Amino acid sequence: MELKFDANQDYQLQAIEAVTDLFTGQPRIQADLKFSLGHSSFAAVANRLDLDETELLANLHTVQRRNNITPDPDTGIGKWSVEEIADYLGTGNKPDGDVAGGLMGEVIDGTLAGYKDMSKADRLAIAQYLKTIPPVRNKIGK
Ligand code: HEM
C-alpha cells in the first residue's frame, strides 16, 4: 500500500492513521526485492497479512470508537437530532454553527457528486441508523 499525503495537514494524518491503525500488530516487512525501470527503481513485497479476522475487527472497533459518531451525548453525537445529522450530511453545517472541515467537508461536497447530493430521505435514513448503534463513551481529556 502506498499513501501519498501532505504531512502538514492534520486531517490527512488522521485519515492515514484511521487506515494504518487497522493493521496494528502486523509486523513490518522489509523489502528484499528491488526492480529498476529506466532511471527509477522500486521495492516490492509480497502481499502478506498475519492478523486474523478477530484482530482486524478489534482494530476496526478501536478506530471507530476514537472517531465517535455513536449516540453518546458527551463524546459522541448524541445531542444532535436526526434532522441535524441529516442536515450536516447535506450542507456540512453543524448544530453549533461550525462547518465540516477536512475530509468530511470533501466527502460532503464531493467532486462529481458528494453526500450533499443524496436525497433527504437517504440522509435521514443514515441519521436514523446512527441513532440505533450503542453509545460509546470515550475518555475525556486524554
Ligand atoms: C455516511 C458516512 C459518514 C457519516 C454519517 C459521517 C458523519 C460525521 C459526523 C456526524 C461528523 C461530525 C462529528 C462532530 O463534529 O462531532 C463527522 C466528522 C468527520 N468526518 Fe465523517 N461521516 C461519514 C463519512 C466520512 C468519510 C468517508 C470520511 C473520510 C473520508 C469522514 C471524515 C470525517 C472527518 C475528517 C471529520 C471531522 C471534520 C471536522 O473536523 O470538521 N467522514 N462525520
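Figure 1. Residues are numbered from 1 along each chain as its sequence is written. Because the model is predicted, local features need pLDDT of at least 70 and side-chain atom pairs count only at pLDDT 80 or more, while totals for chains, interfaces and linings use all residues.

**Figure 2. Fold and extent of the chain.** Five helices and two strands form the secondary structure. Helices (H or I, at least four residues) and strands (E, at least two) are DSSP runs, numbered from the N terminus. The order from the N terminus is α-β-β-α-α-α-α. The radius of gyration is 19 Å, well over the 14 Å that the globule rule gives for 142 residues, so the chain is more spread out than a compact globule. This radius is taken over C-alpha atoms, and the rule is 2.2 Å times the number of residues to the power 0.38. Along the principal axes, the C-alpha atoms fill a box of roughly 55 × 35 × 30 Å. Of the 142 residues, 8% count as buried (20 or more other C-beta atoms within 10 Å of the residue's own; exposed is 12 or fewer, partly exposed in between; C-beta atoms are placed from the backbone). Among contacts with a separation of 6 or more, residues 24 or more positions apart account for 55%. A contact needs C-beta atoms, placed from the backbone, within 7 Å.

**Figure 3. The hairpin of strand 1 and strand 2.** Strand 1 (residues 33–37) and strand 2 (residues 40–44) pair in the antiparallel sense over five bridges; pairing requires that DSSP finds at least two bridges between the strands. S36 has S41 of strand 2 as its bridge partner. Two residues separate the strands, and G38 in the turn has a positive phi of about 60 degrees.

**Figure 4. The ligand between the domains.** Domain 1 and domain 2 both give residues to the shell around the ligand, so the ligand lies between them. The shell has 15 residues; the closest are G101, G102, L103, M104 and V107.

**Figure 5. Helices and residue classes around the ligand.** Helix 1 (10–20), helix 3 (82–91) and helix 4 (102–109) each supply at least two shell residues. Helix 4 gives the most, with four. By class, the shell has 11 nonpolar, three polar and one charged residues. Nonpolar covers Ala, Val, Leu, Ile, Met, Phe, Trp, Tyr, Cys and Pro; charged covers Asp, Glu, Lys and Arg; the others, Gly among them, count as polar.

Note on methods: Near = placed C-beta within 6 Å. Domains from an automatic or database assignment. Contact = placed C-beta atoms within 7 Å.
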